[in-house]
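The sequence and the structure are shown first.

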Amino acid sequence: MKFTNKTLIYLVTPGFLLLGLFLALPAQALSPLIRQVKTPDSPSVYYLNHATQLKKAYINEAAYLGYGNKWSEVKLISDEELAKWSDVLLVKTEASSDIYYIKGTQKALIASGSDLINLGLVKEPILIISQTDLDQYTLASDADLGLVLSSNSINPNNTTVATSPSLASSTLNISFTETNNATNNNILAGTNSNLIGVLNLQAGQNEVAIRTLKVDVTGIYNSDLIDKVYLTLEDYKMVDRYSHFTNRQLEVNFPNEPYLIPAGGTRTIRIWVNLKTCTFACANQTIRTEIKEPSNIVSNASVAGVFPLTSNYFKILSVPNLLGQPLLQELALETNPSGQNLILGKFTLAETSGNEDIYLKELTLVNDGSANFRDLKTFRLQIGDNIISRAPLMTSGNKIVFKVNYCRIGQDSPVTLTVFGQKSDDFASGSTLNLEVESAWIVGKNLNVSLTPTVNNLDEVKVIN
């Protein structure tokens with residue numbers, strides 16, 4: 001039977017029916033825009049990830065529709081073309097660090113980063129999927145899926161495999177560089193982007209692939225003072241998406257692609273802290289970074305160093321009479337956004353201490369609703385009729401990043417920031433909006449330091465008409 005682009009068909013796969021799928025004619029060349037495909041003689045629908053040349057089958061209708069996909073997006077391709085794409089083996093959700101190995105309709109939890117290495121999966125790309133998609137898989141054991149936990153092998157097809165002694169394929173030497181700042185190694189409560197550790201990493205004769213890095217933040221300090229701890233790579237790019245700080249330890253994961261250090265190469269990682277305003281006794285508090293043991297770095301290498309590794313101490317000072325205190329307050333939207341020129345959010349920005357004027361340098365917003373990069377575009381940040389920043393598209397994680405050239409907020413002179421956007425050509429009717437401030441880079445006039453703002457977001461969901 002030959003399907004045309006006007007043929008209404010039922011796709012029957014184990015456990016579900018895909019009803020009402022209108023298929024286009026077979027694609028002659030796979031454009032990056034073609035992501036949902038099937039072959040003429042099979043009912044299975046696949047997602048294609050062009051960045052990794054991997055494919056993943058949707059195991060039922062709920063998985064496919066859970067992404068907001070439309071049946072009209074599915075294109076017919078040949079069996080030969082589909083065979084060029086390897087199967088996705090590892091998946092995870094954006095909200096969790098748990099990694100799963102998938103096969104058919106089953107999933108097995110990868111217990112640790114070490115297991116990724118021992119199963120030979122450390123360089124396997126990890127696909128981010130929705131929680132709905134992940135929930136469709138039945139949980140199974142490693143043995144059920146043919147996984148053999150050995151030194152360096154994986155056996156997904158239940159075939160005989162060779163194993164070798166448990167030896168790392170490379171070495172990794174790590175050390176901290178003593179760090180000195182312009183304020184005699186003092187850092188100020190109520191400020192952001194304070195450098196507290198510089199970690200040097202050097203690979204041996206083979207490439208090193210790092211999956212997880214755990215850095216303890218030690219010293220004598222009140223944990224309530226910590227607003228955020230994060231790291232940046234050698235290009236000063238923040239690693240934020242798969243990191244979390246709990247119990248005085250920063251854990252950073254690289255689930256999609258490992259952090260690679262070429263053979264004989266070196267890398268520099270910097271650790272930073274944002275401090276809240278001190279509302280208690282702040283005298284004699286200190287802070288530093290530390291890697292307590294080699295197992296805090298999950299990689300394919302044997303880690304060498306004198307443990308525990310520590311940076312030098314920094315003293316925390318409080319100078320509340322010199323620093324401004326920014327306040328970002330979300331305002332409620334009176335109606336659901338509608339029309340072409342959408343009002344997506346409103347926020348007031350004020351300096352509440354009266355100590356100094358402040359400057360907004362960057363504002364990062366995140367949509368916790370269903371509208372994503374496919375639905376919205378062409379964003380503007382305005383004060384009244386003045387546009388102070390533009391952002392063409394959402395970034396990863398449904399974020400809108402506004403880089404501001406100039407925006408001065410005087411003492412006791414708050415401003416109202418309005419966020420505008422437009423619907424894209426692929427806008428899905430009924431998409432929801434819950435726009436919130438994720439972070440803000442605000443600098444004070446007196447000391448030119450990055451200030452920690454107080455942010456009050458509303459949990460307000462609106463339907464975009």
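## Nonpolar cores

A nonpolar core is here a set of buried Ala, Val, Leu, Ile, Met, Phe, Trp, Tyr and Cys residues joined through side-chain atoms within 4.5 Å. The model is predicted. In its largest nonpolar core, which has 40 residues, the members that touch the most other members are Leu172, Ile174, Leu199, Leu231, Ile287 and Ile291. Strand S16 (residues 208-218) gives the most to this core, namely 5 residues.

## Overall composition

The protein contains 4 helices and 40 strands. Of its 465 residues, 48% count as buried. Among contacts between residues at least 6 apart in sequence, 75% join residues at least 24 apart.

Ile358 is placed in strand S30. Is Ile358 buried or exposed? Its relative accessible area is 0%, and because the limit for a buried residue is under 20%, Ile358 counts as buried.

Not counting residues up to four places away in sequence, Ile358 touches Pro326, Leu349, Ala350, Glu351, Cys407, Arg408, Ile409, Ile442, Val443, Gly444 and Leu451. Between Ile358 and Asn446 the C-alpha to C-alpha distance is 8.9 Å, while 88 residues separate them in sequence.

## Cavity and pocket

The structure holds 1 cavity of 30 Å³ or more. The volume of the largest cavity is about 30 Å³. Its lining consists of Glu330, Leu333, Leu344, Leu433, Asn434, Leu435, Glu460 and Lys462, which by class are 4 nonpolar, 1 polar and 3 charged residues.

The second largest pocket holds about 1,800 Å³ of space. It is lined by 45 residues, and those closest to its centre are Lys228, Met238, Val239, Asp240 and Lys399. The lining divides into 18 nonpolar, 15 polar and 12 charged residues. Strands that each supply at least two lining residues include S17 (226-232), S18 (238-239), S22 (266-275), S30 (358-367) and S37 (435-444).

## Aromatic pairs

The count of aromatic pairs comes to 6. One of them joins Tyr58 and Tyr64, with 4.9 Å centre to centre and 85° between the planes, an edge-to-face arrangement. Both Tyr58 and Tyr64 are buried. Tyr58 and Tyr64 belong to one aromatic cluster together with Tyr67 and Trp71.

## Backbone features

Most residues other than glycine have a negative phi, and most peptide bonds are trans. Against this background, Phe307 and Pro308 are joined by a cis peptide bond, with omega about 0°. Pro308 is found in the loop between strand S25 (301-304) and strand S26 (309-310).

Asn398 has a positive phi, near 60°, and lies in the loop between strand S32 (386-391) and S33. For Asp412, phi is likewise positive and near 60°. Asp412 is placed in the loop between strand S34 (408-409) and strand S35 (415-423). Because the limit for an exposed residue is over 50%, Asp412 counts as exposed at 62% relative accessibility.

Conventions: Residues are numbered from 1 along each chain as its sequence is written. This is a predicted model: local features need pLDDT of at least 70, side-chain atom pairs count only at pLDDT 80 or more; totals for chains, interfaces and linings use all residues. Side-chain values use heavy atoms; hydrogens and water are left out. On a 1 Å grid over the protein atoms alone, a cavity is a set of points where a 1.4 Å probe fits but cannot get out, and a pocket is an open set with protein on both sides within 12 Å along at least five of seven lines; lining residues have an atom within 4 Å of a point. Grid points are joined across faces, edges and corners, and a volume is the space filled by probe spheres set on the points. Ala, Val, Leu, Ile, Met, Phe, Trp, Tyr, Cys and Pro count as nonpolar, Asp, Glu, Lys and Arg as charged, and the others, Gly among them, as polar. Buried means under 20% relative accessible area, exposed over 50%, partly exposed in between (1.4 Å probe, protein chains only). Rings of Phe, Tyr and Trp (its six-membered ring) pair if their centres lie within 6.5 Å; planes under 30 degrees apart count as stacked, over 60 as edge-to-face and the rest as tilted. Contact means heavy atoms within 4.5 Å.
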